[in-house]
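Welcome, and please open the model in your viewer.

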Amino acid sequence: RDPLPATLRITGYRSHAKEILHTLKEKYFKELQDLEVDGQKVEIPQSLSWYPEELAWHTNLSRKILRKSPQLEKFHQFLVSETECGNISRQEAVSMIPPLLLNVNPHHKILDMCAAPGSKTAQLIEMLHADMNVPFPKGFVIANDVDNKRCYLLVHQAKRLNSPCIMVVNHDASSIPNLQIDVDGRKEVLFYDRILCDVPFLLLGGDGTMRKNIDVWKKWTTQNSLQLHGLQLRIATRGVEQLAEGGRMVYSTCSLNPIENEAVIASLLEKSQGALELADVSSELPGLKRMPGITKWKVMLKDGQWFEEWKDVPSNRQTQIRPTMFPIKDEEKLKAMNLERCLRILPHHQNTGGFFVAVLIKKSPMPWNKRQPKVHQKLPQRTGDTEVTAANSDNGSECVTEEPALAENEEPKKMQELQNSDTDQSKREGVCGPPPSKKMKLFGFKEDPFVFLPEDDPLFLPIQKFYALDPSFPKMNLLTRTQEGKKRQLYMVSKELRNVLLNNSEKMKVINTGIKVWSRNSDGEQFGCAFRLAQEGIYTLYPFIHARIINVCIEDVKILLTEENPFLSKFSSGTQEKVKDMAMGSIVLKYDPDPEKPDDLQCPIVLCGWQGKTSLRAFVPKNERLHYLRMMGVEVFKAKRKEEESGNKTEEEVQHRLAQTEEGMDVEGKECDLVTKMKAEIGEESSHTPMESSAMEVENKIEDLDQSGKNVNSHLSQESKETGMGNVKD
């Protein structure tokens, strides 16, 4: 009956993880000591013993107390702000387990079958970027969800991590299509090294969520799992079909009911005929308390009838209860399955929710796919409004062994011509549009196409020259979301995701992929380049940029992050000297830590900025500014009550200055509107504002606010004339 503890996870791949951990321990946790809220003593947060490197923590504070208590407002603001930056994820403890058991490496191709809302997907992305010195890992994550609206929440989650290796798609997981990739000029079916199969539950929620979803106590019935079992088994089956040999799939549910858990795994193992085995993970995640999987259970109807075997089920109930819901009767078979290797996490063992996890290894092709195809040459055959492909049957299984008559060498030329006429033109243009099937348009929204920049596109040459990009820069991976008119944003994906996009536009509904690396600035052409750098993609771009980099000291960084448009005279003499002969326009501001000054920030910072004639400005989102300032020991907290008491004049001044520095966030146009609309529908406040502003404007933390307020308007007016940047719009 106790509320579920609040848990948080520090983003592991960020170079700032150690700094955030240090700030949490030395500042925020110490401030919680001896604190009482509503008569309850606040316990100091403790690290989850089984999570690596102290990167996950839990506290006895419920989410409600964290939000409402004035004493905890500072801590709550910190959590919200760092969550927005992607440096912290607030995620239930048991939800962190499946990605850890996948054992992901940076070169792995990963499918997350039922990914929304995206906390586990974020973990997978972190694991791909374990080495921050590699901007483009060879692996990628394809995150899928059947719910179109939830896909946009998934985009919002993934975008916080600024990875070029994530693609969000919208399909029914039980029939997700086979994808193809180009391997040395040959088309091959894409098999995944790792698959996360966190299967869905009813709107009510799985019974393992009883501590955070109190409706479960009143509304739970055995009917819930009877309705879900078939779908969960179909999704898991589709997952193992797409798993590479030697690959690992983690099946998980937030339920404790064996019908959704061991029954699904046992059925999968039985029909795999030895192709699958349960992995023994008893030595993994030491410190995690777990129970073994069970081997005996009964099946109960809503009216209270119990059944021990399928033969006992009356014929009029055999549509509700299926044979796969019962335990295996053959003791030898049952023993060989090793169902005790499944993990059951019980709520009272370590103050968590309830959870079930099973780790499957694929040793050989599934028996119905013994001849695993290297390539599917057949084009989808359209019949009316439906689409039939060689890769998909009605139940989501691959129809391979059923087609001996159409061997690769005997395929009629007509099929080849049909395929070529449909796809060659768009592939030559590097266009990956939405699937043309009418069936796909019955739900969701039509997405803008993904158009890769041609190799000889005149747009790129000025960019390459202006930023002195390294010859190794993968310009073929640049894409836009428009086929006609001016290109406003340039995005970037990894080489591997480009391969997936170009070869599967006909069969895949892509919601989002790529990170924004450049934004068009209408006045930038006069300075030599029409595109300015975007903070979202700067850590990916930085290794390739050899010009327009200014190394700054920590005091310069503080000025950039706390003053909106500071004069050059405010910066150190070294910085002034570096910018003296540099042309106006977009710049990179780089801070490198000094090992001889251990009290200073000890992680590097890369910021996007703009150099005017007499000033320097940082283009960084509000929460990211606050993050860097906290890491440097600058106090950014301002109580809401005090903010409300500030005069109208200050408020108007802040609003005016906000208007001067607006910069769009990452989810543009339709996507941004959809995320906001969706969140409004589920009763949440949109956590991304469409504006970026300085820490000073939002937090009112500048000591010289009055003084800077007197000259800011005239100074901005002057800069507007010089650079056209007075009203920067995305």
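A residue is called buried when its relative accessible area is under 20%, exposed when over 50%, and partly exposed in between, using a 1.4 Å probe and protein chains only. Keep in mind that this is a predicted model, in which local features need pLDDT of at least 70, side-chain atom pairs count only at pLDDT 80 or more, and totals for chains, interfaces and linings use all residues. Residues are numbered from 1 along each chain as its sequence is written, and side-chain values use heavy atoms, with hydrogens and water left out.

**Whole chain.** Start with a cartoon view: the chain has 23 helices and 32 strands, taken as DSSP runs numbered from the N terminus (helices H or I, at least four residues; strands E, at least two). Of the 730 residues in the chain, 56% are buried. Switch to a surface and you are looking at about 32,700 Å² of accessible area, 50% of it from carbon and sulfur atoms; the areas come from the Shrake-Rupley method with a 1.4 Å probe, and for residues only the protein chains shown count as cover.

**The cores.** Next, select Trp50 and Ile265, the residues with the most contacts inside the largest nonpolar core, which has 144 residues. Such a core is a set of buried Ala, Val, Leu, Ile, Met, Phe, Trp, Tyr and Cys residues joined through side-chain atoms within 4.5 Å.

Beyond its neighbours within four places in sequence, Ile265 touches Tyr251, Leu278, Leu339, Cys342, Phe356, Ala358 and Leu360. Cys342 counts as buried because its relative accessibility is 2%.

Now move to Phe136, Trp518, Cys529 and Ala530, which are among the 26 residues of a second, separate core.

Zoom in on Val588 and you will find Cys608 of strand 31 opposite.

Technical notes
Contact = heavy atoms within 4.5 Å. Pairing = 2+ DSSP bridges.
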